[in-house]
Amino acid sequence: MTLGLLPHRALINDVNPHLINFYSWLQRGLTIDLVMKKSKRLYYRYRRRFNDLLERDQATSLEAASLFYYLNRTGYNGLCRFNQKGGFNVPYGKYRRINYDTDFTRYRSTFEKWRFLNQDFQSLPLEPLDFVYADPPYDVEFTSYSKGGFSWEDQKRVANWLAAHAGPVILSNQATDRIVKLYTDCGFRIEYLKAPRMISCTGDRTPAREVLALKNL
Ligand SMILES: C[S@@+](CC[C@H](N)C(=O)[O-])C[C@H]1O[C@@H](n2cnc3c(N)ncnc32)[C@H](O)[C@@H]1O
């Protein structure tokens, strides 16, 4: 989204430290110096190596960022999932062909004035009139467990936090009945997306109807 809009300044946040570590390496001018190919053996070797780095407090290293990129491209449906001990546990993906990029230096100048944070959304240092685009984990109705640790309580927390923001807001999510009701009740304008996203946080690739909730624009 941010790369589509290319604002001069941006604050980008995600609670996933590996994603933000990858972006901060892009900001420094990343080139990846790893052999990257579509190979099941290599994938599991790199997955073990990545988890070793996490255990040895090297999660913010260049090597961890490079491995994260490889694992993300090669793992099952681009999923990012960790076990209870914090180890990356996504299985090998099923792709006919994978294009790997090694030179990311073109992002350096674009990212120069962008700030990357790794925290819960609620404590972000927003200015009252900032434009906020929020893309929280998909709501999955009819399940009592919380996907990726993001519960229905968290969905309500996002909605109330966004409703209290004075500036323009766009929220995207799965168009479940309860999400539509939640944002309607909070005074958002609702639009449905014509082009459904073909991936969810579970790796399920069936089309899902998406909703945009808009406010102050
Ligand atoms: C649908 S994904 C969006 C990913 C991102 N927009 C992108 O395109 O790469 C939802 C994201 O919400 C993040 N997330 C989950 N709980 C969060 C929290 N409490 N605060 C901030 N981010 C959170 C997840 O780590 C996940 O990357």
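Guide: Gladly! Let us begin with Asn77, which is buried, with a relative accessible area of 10%. Please keep in mind that this is a predicted model: local features need pLDDT of at least 70, side-chain atom pairs count only at pLDDT 80 or more, and totals for chains, interfaces and linings use all residues. Residues are numbered from 1 along each chain as its sequence is written, and side-chain values use heavy atoms, leaving out hydrogens and water.

Visitor: Why is Asn77 called buried?

Guide: Buried means under 20% relative accessible area, exposed over 50%, and partly exposed in between (1.4 Å probe, protein chains only). Asn77 has 10%, so the word buried applies.

Visitor: What is the phi of Asn77, and where does the residue lie?

Guide: Its phi is positive, about 55°, although Asn77 is not a glycine. Most residues other than glycine have a negative phi. Asn77 lies in the loop between α4 and α5 (107-111). Helices (H or I, at least four residues) and strands (E, at least two) are DSSP runs, numbered from the N terminus.

Visitor: Is Asp57 buried or exposed?

Guide: Asp57 is exposed, because its relative accessible area is 71%. Asp57 also has a positive phi, about 60°, without being a glycine, and is found in the loop between α3 and α4 (62-74).

Visitor: How do you know that Arg49 and Glu63 meet in a salt bridge?

Guide: A salt bridge needs a side-chain nitrogen of Lys or Arg within 4 Å of a carboxyl oxygen of Asp or Glu. For Arg49 and Glu63 the N to O distance is 2.7 Å, so the pair qualifies. Arg49 lies in helix α3 and Glu63 in helix α4, so this bridge ties together parts that are 14 residues apart in sequence. Arg49, at 30% relative accessibility, counts as partly exposed, and so does Glu63, at 29%.

Visitor: What makes strand β4 largely enclosed by the rest of the structure?

Guide: Six of the six residues of β4 (residues 169-174) are buried, so the strand is largely enclosed.

Visitor: Which strands pair with β4, and in which sense?

Guide: Two strands pair if DSSP finds at least two bridges between them. Strand β3 (residues 132-134) and β4 have three bridges, in the parallel sense, with Val132 opposite Val169. Strand β6 (residues 210-215) and β4 have six, in the antiparallel sense, and there Val169 stands opposite Lys215.
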